[in-house]
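Good morning, and thank you for making the time. I would like to take you through one protein model, from its overall fold to its charged pairs.

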Amino acid sequence: MPTIVVDVMPKAELLDPQGKAVSGALARRGQDAFTSVRIGKRFELTVDGEVTDEILATARQLADEILSNSVIEDVVGVEVVE
């Protein structure tokens, strides 16, 4: 069954407290190769049958209207994975 994956991230201009906490934990563990961490959300929408252009368009609309909060988040990806 194909799956549509939607990735949502906090807007770049906003503080990401979870990412900041993880970044601090990495630094405390001596992991200095990573300069920052941002944490987002991943949604997997399973489709029964073929993913048509109409279904993909509906997934993009749902991503914008329901799966993300447009005030603080951006939808950064909507893709089909098999």
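Predicted model: local features only at pLDDT ≥ 70, side-chain atom pairs only at ≥ 80, totals over all residues.

Let me begin with the overall fold. The protein has two helices and three strands, and from the N terminus on these elements follow the order β-α-β-α-β. Its radius of gyration is 16 Å, whereas a compact globule of 82 residues would come near 12 Å. The C-alpha trace extends over about 45 × 30 × 15 Å along the principal axes. Of the 82 residues, 26% count as buried. Considering contacts between residues at least 6 apart in sequence, 75% of them join residues at least 24 apart.

Which of its residues are buried? They are Leu56, Ala59, Ala63 and Leu67. In an α-helix there are 3.6 residues a turn, so residues three or four places apart point the same way. The cover over the buried residues of H2 includes strands S1 (3-10), S2 (41-46) and S3 (73-81).

Leu14 sits in the loop between S1 and helix H1 (17-28). Because its relative accessible area is 31%, Leu14 counts as partly exposed. For the protein as a whole, the accessible surface is about 5,900 Å², and carbon and sulfur atoms account for 52% of that.

Finally, the charged pairs. How many salt bridges does the structure hold? There are three. One joins the side chains of Lys11 and Asp74, at 2.8 Å from N to O. This pair links distant parts of the chain, since Lys11 is in the loop between S1 and H1 while Asp74 is in strand S3, 63 residues apart. Lys11 is buried, because its relative accessibility is 16% and the limit for buried is under 20%. Asp74, at 33%, is partly exposed.

Another salt bridge pairs Glu73 with Lys41, the closest N and O atoms being 3.1 Å apart. Glu73 belongs to strand S3 and Lys41 to strand S2, so this pair ties together parts 32 residues apart in sequence. Glu73 is buried at 15% relative accessibility, and Lys41 is partly exposed at 35%.

There is also a salt bridge between the side chains of Arg42 and Glu44, at 2.9 Å from N to O. Arg42 counts as exposed, with 52% relative accessibility. Thank you for your attention.

Technical notes
Residues numbered from 1 in each chain as written. Heavy atoms only, no water. Buried < 20%, exposed > 50% of the residue type's maximum accessible area, 1.4 Å probe, protein only. Helix = DSSP H or I, 4+ residues; strand = E, 2+ residues; numbered from the N terminus. Contact = heavy atoms within 4.5 Å. Rg over C-alpha atoms; globule rule 2.2 N^0.38 Å. Areas by Shrake-Rupley, 256 points an atom, 1.4 Å probe, with all protein chains shown as cover. Salt bridge = Lys/Arg side-chain N within 4 Å of Asp/Glu carboxyl O.
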